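Hello,

Here is the structure I promised to hand over.

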Amino acid sequence: MKNQFKSLWFIAILGAFQWAAFAQGPPITADKPIMLGGGSFTAKTLIEHRKTDGGTFRYSPLMLHYVIHSNALVALHIPRISFDLASGVSGQSLADVKLLGKYQFLRIDGTGKTFRMVAKTLQTLPTGAELGVMELSAGLYQGYYGLVAGYESLRYGISMELGLNHIPQGDLDFLQHKLGFGLPLLKPQYPNRQINLFFEYNSQWLWSQKGYQLLYAQGIQYARKNITFDLAYQLPLVNDMPEGMQFKRSLFLGSRFTF
Amino acid sequence: MISLFMSFLLMSTVAFAQKPMDAFEVQVDGLGCPFCAYGLEKKFKEFKGIKEVKIDIETGDFSFAYPAEKALSLAAVVSQVEKAGYSPMKTVITRANGLVETDAPLEVKDVALAAVQTKDLFVAGNCEMCEARILKATSRLEGITEAAWDSKTKMLHISFDSKQQSENSISQAIALAGHDTKLHKAQASTYETLPMCCKYERLKN
């Protein structure tokens with residue numbers, strides 16, 4: 001079964017590179033290093049409907065990003081979560097509030113292309129219910145520190161992220177690696193009207209729990225001048241996580257508006 | 001009645017007469033996607049009165065018109081592109097009165113008859129990105145024939161037409177780009193926008 005998943009992953013990557021592509025918008029489940037002009041705001045949401053062997057969760061964040069200047073961004077994420085646990089308990093509450101900071105330290109520009117790297121930190125505050133769901137609601141303070149790199153050209157976009165999530169009160173520290181490919185289906189034009197495909201991989205290694213998972217998200221995005229609508233479906237390719245934390249699938253539905 | 005009609009006609013003509021506009025063309029690098037172009041346009045919308053914004057994302061050609069009475073400077077345009085997070089490569093302004101301003105390097109044929117002078121100037125900086133920024137700032141000036149900066153000695157070896165540039169004007173252009181020189185210091189706000197690796201030790205007064 002694991003080998004089948006690995007084959008699927010390989011085929012998906014190959015497929016991604018074989019698309020005749022032009023340009024793309026921001027990734028859906030991965031992160032990006034490009035910040036759109038100093039002094040701008042982006043309001044976002046990315047509703048996730050996640051199913052694990054521990055229950056079903058609907059995560060609804062309201063995110064406000066502010067680009068301070070061309071090299072720095074801060075953001076506040078206020079999420080709500082509704083849950084239906086396998087134990088029979090269900091309910092809804094505020095999930096863990098997150099504070100995000102990004103600083104761009106490398107930028108190499110060319111005509112119709114750019115390569116950028118940013119340092120990123122995501123501080124998760126223990127405001128949510130103790131549901132033990134990774135990245136959604138653990139009810140514990142968490143600090144994530146990572147690097148995001150991205151190459152964007154008029155033909156395709158690649159984004160990559162490597163980071164460490166540290167939880168002082170717990171044994172759920174994990175190392176995370178994200179890799180995303182963005183490919184548009186329409187010719188580049190401005191004012192933009194795009195339909196983009198995304199192929200995004202997220203691998204997480206919980207060394208203290210001896211757990212590992214590799215998730216694949218297939219996404220599609222409709223983008224206009226300063227607004228996007230995102231849809232993605234995520235499933236596990238490798239799933240060696242402890243019982244109660246095994247990921248089954250996620251459906252993402254989101255939108256973002258820059259002003 | 002006729003005079004009232006004539007007055008109305010005159011007022012309408014004045015109100016609807018087109019203001020003289022300066023035309024701006026900027027070659028911008030780093031526009032890797034249409035969203036990048038949106039970021040650029042949004043930043044320039046801060047210039048109230050901007051019109052006819054056009055961006056060709058495949059070539060990076062960005063053009064717009066702006067009321068001539070506001071005398072928008074070339075340095076302000078370049079700085080605004082940088083604030084948007086992109087790299088301005090070449091800027092040409094055609095003023096409403098026909099004058100053309102550009103930061104494109106002077107062609108060799110124009111320099112042949114010029115009085116070329118060579119100087120070594122101290123310019124603070126750290127890395128290759130600093131080098132690129134310093135050289136770009138000098139390349140925008142007219143009359144520069146040669147420029148090289150050494151990150152170890154911090155010395156800029158520069159040749160220029162002394163009829164068009166001076167040590168002072170070159171130092172000023174470099175300081176505007178964010179690098180301290182002996183004659184001019186960069187503004188703190190510009191220095192703050194430099195990437196981490198470029199944050200050199202500021203020169204004391």
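**A sheet in chain B**

In β8(B), F160(B) is the bridge partner of I144(B). Strands here are DSSP runs of E, at least two residues long, and helices are runs of H or I, at least four long, all numbered from the N terminus. Before you go on, note that this is a predicted model: local features need pLDDT of at least 70, side-chain atom pairs count only at pLDDT 80 or more, and totals for chains, interfaces and linings use all residues. Residues are numbered from 1 along each chain as its sequence is written, while chains are lettered from A and ligands numbered from 1 in the order in which they are written.

β7(B) and β8 (residues 155-161) of chain B pair in the antiparallel sense over 5 bridges. Two strands pair if DSSP finds at least two bridges between them. The whole sheet is open, with 3 strands in the order β6-β8-β7 (chain B) and antiparallel pairing. Why do β6 and β7 of chain B each have one side without a neighbour in the sheet? β6 (116-122) and β7 (144-149) of chain B stand at the edges with a single partner strand each, so one side of each is left without a neighbour.

Helices pack here too. α5 (residues 128-139) of chain B touches β7 and β8 of chain B, and its direction makes about 165° with that of β7(B). Helix α6 (residues 167-176) of chain B lies across β6 and β8 of chain B, at about 45° to β6(B). Angles run from 0 to 180 degrees between N-to-C directions, with axes fitted to C-alpha atoms, for helices over the stretch in contact. Contact means C-beta atoms, placed from the backbone, within 7 Å.

**Nonpolar cores**

The largest nonpolar core has 30 residues; V28(B), L31(B), C36(B), A37(B), L40(B), V81(B) and Y86(B) touch the most other members. A core is a set of buried Ala, Val, Leu, Ile, Met, Phe, Trp, Tyr and Cys residues joined through C-beta atoms within 7 Å. Buried means 20 or more other C-beta atoms within 10 Å of a residue's own; exposed means 12 or fewer, and partly exposed is in between. α2(B) gives the largest share of this core, 6 residues. Apart from it lies another core of 22 residues, including I134(B) and W149(B).

**Where the chains meet**

The contact takes 34 residues from chain A and 29 residues from chain B. On the side of chain A that touches chain B, β5(A) gives the largest share, 6 residues.

Best wishes

Terms used: Contact = placed C-beta atoms within 7 Å.
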